[in-house]
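Let's take a friendly walk through this model, starting where its chains meet and ending with a few single residues.

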Number of protein chains: 2
Amino acid sequence: MALSREKILDTAFTLLTQYGLADLSMRRLASELEVAPGALYYHVKNKQELLTHLASRMLAPIEFPQDASTAAALTSAADQVYRQLAGIRESAEVVRLAVALHPERLELLSALTITCHKAQVPQLAAKTLLHSMLSFIEEEQTRATSTGTEAATQPPASYCDAISAVARGFLAA
Amino acid sequence: MALSREKILDTAFTLLTQYGLADLSMRRLASELEVAPGALYYHVKNKQELLTHLASRMLAPIEFPQDASTAAALTSAADQVYRQLAGIRESAEVVRLAVALHPERLELLSALTITCHKAQVPQLAAKTLLHSMLSFIEEEQTRATSTGTEAATQPPASYCDAISAVARGFLAA
DNA sequence: ACCTGAACACCGTTCAAGT
DNA sequence: ACCTGAACACCGTTCAAGT
């Protein structure tokens, strides 16, 4: 079976979840795929782009409710982001990298920005909200690993409270 | 003049501001100081700790008003964080690393947490607020570099608006 | 106590050459 | 078109040995 971007991303994802971001190197990825390191660069521009693709993948299943009220849409998005990312190791870091590097390539962020725009809320609220979700998720993950427990698969009440607090702040502005 | 942790941090800071985080390697730092790479490890545990110290340094000048109202204290903190970090390349990343690694060693965060506690605001509000500031500052810096201009030394109105929106969200909870 | 030399086990990326 | 081999220019960290 020949190499492909999809196959590379599959393996990258496995490597991330099983060994963590520090072990997700181009060389390690290549050896896992049993190809020479240089082969990867025929399918991916560089490591940063690979991580951006990975972030898009992690957020891809999220469905953004286009018809709901602004508050409801944001709540739903926050809920889905949590469910999608909480179980994936270092997911927050990976998404943060993608936001910093290629925000326009993240569908979720585009949808969030449109919603903010429609609701007359400052557009940067979208990024601020996403960043708030990411820091909370990261926090919950480190808490979970330090206590030896698993991160809650459902968003904890404190997460929902925090995010809706941030959203409320913008909506009231 | 002998090597010392302070001297290492001075040079690390210069390297960061002049060449960026990617060029701030232990080896580069050592060569800049004209010592062998291994010498650094007599003064600093490892690179992560060095970066944590650097973050503490960047936030050290910030004075947290202990007697002011909660809203005023947060506004003042947000203002000072912006002024302190906006001019320093990749400062947000460095601080973020420190928050994730050793939050208890950051005086600012401790002060913020105490204020939140006193005001009956959820304690994680402190981190959420700091993260919001960081993402905004990072955003302003990338905007500045992409347009070829300098990042505003004073916090823009949109920054103050965004942070106070987040704070308001928590205070109203 | 403080530092060097040298090693260990890695990186990301490029590119001529092969199939 | 797709991949290998080999190189280039690096990393962080450790540790016996020297002063």
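## Where chain B meets chain A

Two salt bridges are found across the interface of chain B and chain A. This is a predicted model, so these pairs are counted only where the side-chain atoms reach pLDDT 80 or more. One of the salt bridges joins Glu139(A) to Lys127(B), with 2.8 Å between the closest N and O atoms.

Which elements give two or more residues to the side of chain B that touches chain A? They are H5, helix H7 (124-147) and helix H8 (157-171) of chain B. H7(B) provides the largest share of that side, with nine residues. By residue class, the side of chain B that touches chain A holds nine nonpolar, six polar and five charged residues.

## The extent of the chain interface

The size of an interface is often given as the accessible area lost when the parts come together. For chain B and chain A, about 1500 Å² is buried between them, and 66% of it lies on carbon and sulfur atoms. Three residues stand out on the chain B side: Leu124(B), His131(B) and Glu139(B) supply 22% of the area that chain B buries against chain A, more than any other three residues. In terms of contacts, 20 residues of chain B meet 20 residues of chain A.

## Two domains within chain A

Chain A is assigned two domains, domain 1 (5-45) and domain 2 (63-172). How many salt bridges are counted between domain 1 of chain A and domain 2 of chain A? The count is zero. Polar contacts are found there, however: two residue pairs, both at pLDDT 80 or more, bridge the interface of domain 1 of chain A and domain 2 of chain A. The side of domain 1 of chain A that touches domain 2 of chain A consists of five nonpolar residues, three polar ones and no charged ones.

Taken over C-alpha atoms, the centres of domain 1 of chain A and domain 2 of chain A are 27 Å apart. Eight residues of domain 1 of chain A are in contact with five residues of domain 2 of chain A. Between them, domain 1 of chain A and domain 2 of chain A bury about 500 Å², with 67% of it on carbon and sulfur atoms. On the domain 1 side, Leu16(A), Thr17(A) and Leu21(A) lose the most area to domain 2 of chain A, together 67% of what that side buries.

## Two residues with positive phi

Backbone angles are worth a look too. Most residues other than glycine have a negative phi, and most peptide bonds are trans. Gln120(A) has a positive phi, near 60°. Its place is the loop between helix H7 (107-118) and helix H8 (124-147) of chain A. Is Gln120(A) buried or exposed? Gln120(A) counts as exposed, because its relative accessibility is 72%, over the 50% cut-off.

Glu90(B) also has a positive phi, in this case near 55°. Glu90(B) sits in the loop between helix H4 (70-85) and H5 of chain B. With a relative accessible area of 24%, Glu90(B) is partly exposed.

## A closer look at chain B

Ser91(B) belongs to helix H5 (residues 91-101) of chain B. Its relative accessible area is 0%, so Ser91(B) is buried. Beyond its neighbours within four places in sequence, Ser91(B) is in contact with Met58(B), Leu85(B) and Gln141(B).

Lys7(B) is part of helix H1 (residues 5-19) of chain B and is partly exposed, at 23% relative accessible area. Not counting residues up to four places away in sequence, Lys7(B) touches Met1(B), Ala2(B) and Leu33(B). Lys7(B) and Leu33(B) are 26 residues apart in sequence, and their C-alpha atoms are 8.6 Å apart in space. Ala72(B), in helix H4 of chain B, is partly exposed at 37% relative accessibility. From Ala72(B) to Leu129(B) the separation is 57 residues in sequence and 14 Å in space, C-alpha to C-alpha.

Definitions and conventions:
Residues are numbered from 1 along each chain as its sequence is written. Chains are lettered from A and ligands numbered from 1 in the order in which they are written. This is a predicted model: local features need pLDDT of at least 70, side-chain atom pairs count only at pLDDT 80 or more; totals for chains, interfaces and linings use all residues. Side-chain values use heavy atoms; hydrogens and water are left out. Helices (H or I, at least four residues) and strands (E, at least two) are DSSP runs, numbered from the N terminus. Buried means under 20% relative accessible area, exposed over 50%, partly exposed in between (1.4 Å probe, protein chains only). Contact means heavy atoms within 4.5 Å. Domain bounds come from an automatic or database domain assignment. Buried area is the accessible area (1.4 Å probe) that two parts lose on being put together, summed over both. A salt bridge is a side-chain nitrogen of Lys or Arg within 4 Å of a carboxyl oxygen of Asp or Glu. A polar contact is a pair of N or O atoms within 3.5 Å; within protein, one must be able to donate a hydrogen and the other to accept it, and residues adjacent in sequence count only if both atoms are side-chain atoms. Ala, Val, Leu, Ile, Met, Phe, Trp, Tyr, Cys and Pro count as nonpolar, Asp, Glu, Lys and Arg as charged, and the others, Gly among them, as polar.
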